[in-house]
Amino acid sequence: MVARIAAQAARTAQSRRAAVPPDRDSPEAPSASAAVRTGSVRLHLTMDLPYPTDIPRACEQIQRDVAEKVAQLTGLDVGEVVLTVRRLLTAADTSRGRVR
């Protein structure tokens, strides 16, 4: 359940912070896993980001947004959010909604 909340929060943050459309059925949708231990959680996100972009800044903002949303909705302390960038998408990729 925590991973699903984190994936939804990541989709929202990806759309807001990195201008990638939040298409839930797309293979490029963010994925998340969560390791919950005694009131805290460690999250791992995998997602695509647009190119060009300020990758470190976008990642930091997305990590912060997801941590805040997961903490708010679950009451858990988010100890760490690891974000892996799966692909960098050009404007042509995002306008088509698919990666070649």
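Strands, like helices, are DSSP runs numbered from the N terminus: a helix (H or I) needs at least four residues and a strand (E) at least two. With that in hand, let's visit D48, which is found in strand β2 (residues 40-50).

A word on the model first. It is predicted, so local features need pLDDT of at least 70 and side-chain atom pairs count only at pLDDT 80 or more, while totals for chains, interfaces and linings use all residues. Residues are numbered from 1 along each chain as its sequence is written, and side-chain values use heavy atoms, leaving out hydrogens and water.

Is D48 buried or exposed? D48 is buried, with a relative accessible area of 0% (buried means under 20%, exposed over 50%, partly exposed in between, using a 1.4 Å probe and protein chains only).

Side chains of opposite charge can pair when their charged atoms come close. A salt bridge puts a side-chain nitrogen of Lys or Arg within 4 Å of a carboxyl oxygen of Asp or Glu. The structure holds five salt bridges, including these:

| Pair | N to O distance |
|---|---|
| R42 and E80 | 3.0 Å |
| R86 and D48 | 3.0 Å |
| R87 and D48 | 3.6 Å |

Salt bridges with shared partners join D48, R86 and R87 into one network. R87 lies in strand β3 and D48 in strand β2, so this pair ties together parts 39 residues apart in sequence. R86 is partly exposed at 31% relative accessible area, and R87 is partly exposed at 30%.
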